[in-house]
Amino acid sequence: MDRRDEEREPQGDDGQGAVPVRVPVAVRYAGGAGQGGHPGLHLITPNHRFARAVLDFEDLRPGAWCCLRFDLASDEDEAASLVADAVAIGFDFLAGDGSSLDLDHVPGLVRSLLDPHVAWIPGPDLTDRPVRIGFRMPEQARALALTVRSWRNTAPVILSDPAILVGRPDPGPPPRRWILDESPVTLRFALPDAVGLVLRGQIYAPEPDEHAARVKLVYRDHAGAQIAPPYPGTVSVPGLGAVVNLSAVPQARRFTLALRPPSGAAFVDLDFGPWEDAPRPNGAELLAEPEIALEDDFRLESLCSDDILDAPAFLARLAERLGLPGAAIADWVPPVASGGVIAPLAGARALRAGTDRGARIDPTGGVALELAGLPVWTLSEGQNWREDPFRSVAWRLAYQSLSWLLPLAALPQGRERAGALAASWSAANPWGQPSDPLSLHPAALAPRAEVLANLLDGEGAERAVITAEVARHGFALAEIVGQNTLARSLTGIQASAALLVLARALPSFPFASFWETLARRSLEQGFEAMLGRDGAFADPALQTRLDLLGHGRTVAEALGDDSPGPMIAARVTAALPGLARLVDPGGRLPSFGDGASPHDLGGWVTRLTRRPDVGALVVACGEVVPEPEASGISTLRYDAPERGWAQFACLHSGQSALGHRDGTSFTFATGGLRWIVDGGGEGTETGAMRHYLLSSRAHNVARPDGREPVAGRAWFTTRVDLDGAQLLAFASNLHGPEYAHARLFLVLDDLAGLAVLDRFVRRGAAGRSISFEGLLHLPPDTLVALSGPHRALARQAGGRLDLRAWTVTGQGGGMDVVIGRSDRPGRMQGFVATGSGGWKAAPVLRYAFTGRGSVCGGLIVAADAEAERRLVHLLGTERVRHLSEPIEPTVP
């Protein structure tokens, strides 16, 4: 921490210190961008990717959550006003000596190819002012080069007053690091015969070091025996073998290992670690899993060139590059498999929704498809594979994935028809000229690859064509997996699993062994990043968690005892019990980040755990058991015949870069009725509605001064047992460094009611006005009436709920109810997702409080007058009043 930080940083825990602010120390322009008229303004012309302003920031605090803040003015005629990515903000984090850091993950941002990390700014009709982006400074970084880049804007935009607010240290664990002194990294890959590999990565050291680390190479033959060095491009060191030095001069230095295997090599082992004779540990680390690719002659771009190649022609060119005769291609066609081909992606879909019935033969003999929760559509005889009958992205992805060919193939006479349709798709989609560009999206590419591999399990004239298509898909997936860009996502898991399937479906193919080792390494890294040993998840959305567990179970079954199968199985086993306890008696999970689902979630959990009934998975009647806070979701449950079941759940997971702004959102059910629901959903089309469902306006959160939350964390701080109730307290940095935020829930033991309080302290602005707006979403069939500025009544299905504003510090700002407001895309309010890409208008109760420097208030939610009386009494006790005082909670 420098002297300026020490002078301006808050002292103690009173939350009144100023927030350090950093402004650009230098600006550069390119591609037509330039100064916007006077200092502080930057003009970004509409020149996709190329027009950019690069702003340099220095003196940033490693390991702290920061907030980039700026304003963005757009032209009135901007055609991209409703797109989600009108402008790109690229982040290039710099070490102390100015060298760029190629990190695999920065919380709050998305890894990309053009810039190391990126945040997308929506068009002007969807953008809040000012624009705020939260991110966590990497421990290795000291500075930042920020690139404001033209993307889909059609008119100039002006960036004004950019600044970075420097926050407090991260209260959670840091991202995974590969410090070689502590944990050397060992990789093993199978090698295609006489084909080289290229590994690219980066070494970082706290201090520049010419010999920061080394990589030891060992080539092995098919039997696993070591082939003695020397090897091309390496130095042989007595007692160590063949090594390559990895320098860290400058501090962060990229390296490229071009591996030329010696004759007879079938495997290569790479051991990254420190030099054995280093005088002391130097803290050198791999900044990310190395990127792995085949040598340039065997990349898709090189193999296809500018030609439009169908699958058989692609294989012919590949044989030519390998120096093999055309007759060798016949040997690559696998024999008809007697035991079938593994299908982990199809297995995960079956765990999710049961038996797949997406395709069937209708009475006229046509193929009827029911995809993405949309109505039945019959495939025409002359389809061109550009069909889009419902104008739906989700439907197109499902259609292009060809996942519906598997249930079709299971029908009588269906396999022959499925094979013909697969061959038809291949003929209509030469590489580089797809019928539908969405067919190249990994969400369609991975399941389609698995389907094609499974269609090889049977006779048919199309087997040669399908084999060629499987091989082509393998090359595409290997490049996606090798780049590691999707490694921390469910899509990346699916791509790796599909590559494993292809490797095992083509056992005689020269690249199959390489694909398998690449897929297994990627699966290991993906599950380690997304699922902890203790069952903790990296993603807060519950249905995404279920999907991850489903894929984990099917992938582990496919791998068996092969690594990383046992590791994945152990983590899935650790995670399932906590997630299963969240299912309510109606078979639903709390809808954080997912919204209502078309799937039977209780059945989904039952299939995952192989339990006979959902009742065995949930808490017994009358019990109130909190979910362990490590899961990021706290729950309380009550079930008694005289009152009906009740459940409370609060999400306090970290927020992802592109996910829902639902940190500290909660749901509440009592008397067997769901009263407070969460509005956000998945699978919704793009546009204003999708943007709304991702925003905080679709969740039960509080928003200070009208500002959208940013990426960050919420964390559990304390639990207090009271007389007939529990108080749960959480803190968050989701509102940026300017605000210290705490959320408190006072929940009655019988869940007949609760109180929710939010406390905001404006740092460094003790006398400045501060206000916040809280939101409660109720089901669409609920009637809500206001009886004054501080009271409301809700009714549904014979039940009632009383809602009363409660002020601790400051003063109440009144209430209102919004249902289905859609006059302005960026101000939509009063909708909840239906779970199948649609939405319904629903009442949203908005309540507000205002104060100076700090404010604290919220709502009492009670099922009857007695519950309200008990809550009012508890809120007046000294213990609760003390916890709600405007003192910033201590960061753990």
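Is I466 buried or exposed? I466 is buried, with a relative accessible area of 3%, where buried means under 20%, exposed means over 50%, and partly exposed lies in between (1.4 Å probe, protein chains only). The model is predicted, so to speak of local features requires pLDDT of at least 70 and side-chain atom pairs count only at pLDDT 80 or more, while totals for chains, interfaces and linings use all residues. Residues are numbered from 1 along each chain as its sequence is written, and side-chain values use heavy atoms, with hydrogens and water left out.

**Around I466**

- You will find I466 in helix α10, residues 463-483; helices here are DSSP runs of H or I with at least four residues, strands are runs of E with at least two, and both are numbered from the N terminus.
- Not counting residues up to four places away in sequence, I466 touches G419, A422, L452, L455 and L456, contact being heavy atoms within 4.5 Å.
- R200 is 266 residues from I466 along the chain, and their C-alpha atoms are separated by 33 Å.

**Nonpolar cores**

- The largest nonpolar core has 132 residues, of which L270, F272, W404, L405, F475, F509 and W515 touch the most other members; such a core is a set of buried Ala, Val, Leu, Ile, Met, Phe, Trp, Tyr and Cys residues joined through side-chain atoms within 4.5 Å.
- Helix α11 (residues 490-505) gives this core its largest share, 11 residues.
- Another core, of 40 residues, lies apart from it, and its members include L60, A95, L103 and V148.
- Leaving aside neighbours within four places in sequence, the contacts of L270 include V185, L187, F189, L199, V215 and L257.

**The sheet β24-β25-β26**

- In this open sheet, 3 strands follow the order β24-β25-β26 with antiparallel pairing; two strands pair if DSSP finds at least two bridges between them.
- Because β24 (359-361) and β26 (377-379) stand at the edges with a single partner strand each, one side of each has no neighbour in the sheet.
- From one strand to the next the twist averages 35°, taken between the N-to-C directions of lines fitted to C-alpha atoms, on a scale from 0 to 180 degrees.
- Strand β25 (residues 367-369) pairs with β26 over 3 bridges in the antiparallel sense, and L369 stands opposite W377 in β26.

- Strands β29 (residues 666-670) and β30 (residues 673-676) run antiparallel and are joined by 3 bridges.
- F668 has I676 in β30 as its bridge partner.
- The hairpin has 2 residues between its strands, and G671 in the turn has a positive phi of about 65°.
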